[in-house]
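Thanks for coming. I'll take a few minutes on one structure and keep to what can be read from it.

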Amino acid sequence: MSRAPAILPTRGAWDRLTGLFWRRPGVLLLLLIALPLLWLGVVYLGSLAALLLQSFYSIDEFSGMVKEEFTLSTYAELFRAQNVDIILRTLFMAAAVTLASAVIAFPIAYYAARHAQGAMKAVCYLGIMLPLWSSYLVKVYAWKLILAKEGILTWAAAGTGTSFVIDGILSVPGLSSSSLSTSPFGTWLVFVYVWLPYMILPMQAALERVPRSMIEASADLGANRGQTFRTVILPLALPGIIAGSIFTFSLTLGDYIIPQIIGNSANFIGMAVYKLQGTAGNIPLAAAFAVVPIIIMVIYLTIARKMGAFDAL
Amino acid sequence: MNRLKLLATSALSLTIATTPVFAQLASIGPGEGSLSIVAWAGFIERGQTDPKFDWVTDFEAATGCKVSVKTANTSDEMVALMNEGGFDMVTASGDASLRLVAGGRVQPINIDLVPSYKEIDERLQNAPWHTVDGVHYGVPYVWGPNILAYRTDVFPEPPKSWNVVFEPMDLPDGKPNQGRVQAYDGPIHIANAAQYLMHHKPELGIKSPYELNEDQYKAALDLLREQRKLTSRYWHDAFIQIDDFKNEGLAASGSWPFQVNLLKADGVPLASTFPQEGVTGWADTSMLHVNAKSPNCAYMWFEHQLSSKLQSDLSVWFGANPSVPAACTDKRGMLTPEICTANGSDDFEKIAFWTTPVSNCSLGEGACVPYYRWVSDYIGVIGGR
């Protein structure tokens with residue numbers, strides 16, 4: 001009668017491998033995260049580093065060739081009046097879009113999260129998600145037609161005697177143009193439309209997580225609806241609002257398609273990068289421009305963290 | 001003997017194919033079986049968009065060279081693709097061709113191997129955007145003007161001057177032109193302003209709209225700043241401009257025959273004209289990559305592009321003009337003298353063809369404002385600076 005030993009002899013490569021993993025758990029971990037780490041390190045951070053490097057080069061005044069020597073002159077060029085214009089214009093647009101998205105999205109998210117039931121809930125989800133299912137370009141071109149001088153909006157306004165509203169918007173200094181589609185107002189409107197779902201979804205998720213018990217406790221302690229909203233719901237939903245604002249803000253900062261199709265052709269950061277690297281071959285300045293949104297987002301995230309937006313994470 | 005000859009030429013073409021070619025080809029051998037071309041959208045049609053427009057199938061059947069096309073959207077994309085390599089040919093505009101020559105990405109062409117070269121319009125045979133120091137680097141493809149398009153319901157008479165898009169005024173329908181004109185959204189548009197000044201401010205002494213000294217350049221930018229107040233939008237996408245002519249009440253704009261033909265076909269009351277100041281234009285050239293794998297097929301294509309109905313049908317398709325003037329009249333394809341006139345073939349002399357502005361120009365070393373400054377300053381102008 002034979003008896004099996006307590007420790008079995010290894011039966012092959014797989015056993016040895018399992019043994020190695022058991023003795024050294026670090027090896028397994030390394031093996032599992034090597035690929036994502038490689039992706040993050042080489043593809044993702046590597047390209048960012050290449051971008052940063054390029055921005056410290058400059059373009060030769062005469063030949064237009066890139067000089068591969070360290071210099072800060074390209075960054076100094078960012079402070080030329082026309083380039084500061086571009087940065088401020090983009091920043092202002094991103095802020096306006098984020099603010100408008102937050103104001104519009106909150107009631108929708110609140111209703112979808114706390115009041116909608118059953119079929120209505122599905123309708124809400126579908127309604128919010130549906131615009132994301134069609135191509136971004138199709139939506140932007142559709143808006144171009146809606147906002148055009150001879151488009152449906154102007155037509156409807158003329159029919160209902162409300163043309164003065166459109167004329168009023170178009171006579172505001174800074175927004176003035178021949179039609180909504182060529183006015184910065186149109187650019188803003190389309191930005192808000194396209195990015196709105198990215199604001200609603202995180203907001204809704206945050207609002208859904210606010211426990212009913214806390215609202216009941218608030219009511220038990222004598223708070224009215226307004227006080228409950230201000231002191232309980234809003235602070236607890238803040239991480240969602242900030243998360244949504246990060247989406248809308250950064251997406252607007254980087255977009256270069258919408259301002260090309262809608263608006264008065266004034267450049268945004270993304271458009272400037274596109275033109276400088278393509279038409280001009282001025283890759284250093286394009287890279288320096290591309291660093292601007294990164295810096296803005298770092299500042300933005302720092303402020304968000306100070307405000308406690310990430311405490312709940 | 002014939003077999004030996006074939007063997008020799010095959011061996012020759014093999015060495016040519018595998019080693020970089022620095023000298024031009026001495027004779028055309030048998031085709032290599034393939035030809036890859038970097039081209040503008042719509043330049044190489046095999047009937048895939050409209051069965052009537054096909055100038056590739058015949059070529060493939062006759063030569064056995066299978067044509068593959070990589071479309072590019074801008075001159076810079078073309079330069080980038082040719083720098084990467086892996087292509088035999090490119091259809092380069094004047095703002096790209098000299099860069100390719102200077103960068104050593106294209107090889108000299110032996111025009112003796114292209115029998116139809118002498119059929120080309122004499123003014124194009126030695127054009128400065130493909131011939132450097134007497135050496136040919138390409139074969140002219142087609143060319144076209146940047147015309148002034150206008151709505152006929154606004155202008156009963158064709159506008160005589162570009163001033164309708166450069167200066168504030170009331171158009172013939174009694175309403176101001178503000179918000180009803182457009183300009184091209186590319187730095188090369190500065191040349192249009194310079195061309196306008198050449199005519200209206202001769203005291204500036206502008207000789208060529210692509211060679212501007214600091215003063216001339218500043219005057220052109222000032223004019224463009226005035227234009228910014230009039231334009232509702234700048235165009236670079238032909239289809240967005242088409243939409244603006246239909247839906248935005250656009251009355252006049254610099255444009256291409258391409259848009260005008262499409263809009264006319266759509267029933268929009270539109271026409272185009274060559275104003276008194278002249279116009280700018282583009283002229284494209286087929287060029288051969290320095291490391292082309294299929295030089296023999298490429299030379300066969302050079303001959304094909306000049307002698308077949310390609311010139312004729314492409315001109316109809318794209319609203320361009322043939323480099324071979326006979327194509328307008330000899331009915332080899334769909335082109336008629338009327339279409340040629342509409343596309344501007346009679347006005348060659350009025351056209352200042354696109355070239356890349358460089359700092360070392362005919363005014364002297366470093367005397368001209370180079371292209372990269374055109375780019376950044378035009379961004380400023382559009383931004384209202």
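This is a predicted model: local features need pLDDT of at least 70, side-chain atom pairs count only at pLDDT 80 or more; totals for chains, interfaces and linings use all residues.

Chain A is built from 14 helices and two strands. Along the principal axes, its C-alpha trace spans about 105 × 75 × 35 Å. As for burial, 31% of the 313 residues of chain A count as buried. If you take the contacts in chain A between residues at least 6 apart in sequence, 69% of them join residues at least 24 apart.

Now the contact between the chains. On the chain A side 31 residues take part, and they meet 27 residues of chain B. Three helices of chain A, α4 (81-114), α6 (136-147) and α13 (269-280), each supply at least two residues to that side. The largest share comes from α13(A), with six residues. By type, the chain A side divides into 15 polar, 11 nonpolar and five charged residues.

Last, the core. Which residues touch the most other members of the largest nonpolar core? They are A:M203, A:F289 and B:A220, in a core of 167 residues. Helix α9 (residues 184-209) of chain A gives the largest share, 16 residues. From chain B, domain 1 (2-143 + 282-346) and domain 2 (153-268 + 355-382) each contribute at least three. Leaving aside residues up to four places away in sequence, B:A220 touches B:I190, B:A193, B:A194, B:L197 and B:L212.

Definitions and conventions
Residues are numbered from 1 along each chain as its sequence is written. Chains are lettered from A and ligands numbered from 1 in the order in which they are written. Two residues are in contact if their C-beta atoms, placed from the backbone, lie within 7 Å. Helices (H or I, at least four residues) and strands (E, at least two) are DSSP runs, numbered from the N terminus. Ala, Val, Leu, Ile, Met, Phe, Trp, Tyr, Cys and Pro count as nonpolar, Asp, Glu, Lys and Arg as charged, and the others, Gly among them, as polar. A residue is buried if 20 or more other C-beta atoms lie within 10 Å of its own, exposed if 12 or fewer, and partly exposed in between; C-beta atoms are placed from the backbone. A nonpolar core is a set of buried Ala, Val, Leu, Ile, Met, Phe, Trp, Tyr and Cys residues joined through C-beta atoms within 7 Å. Domain bounds come from an automatic or database domain assignment.
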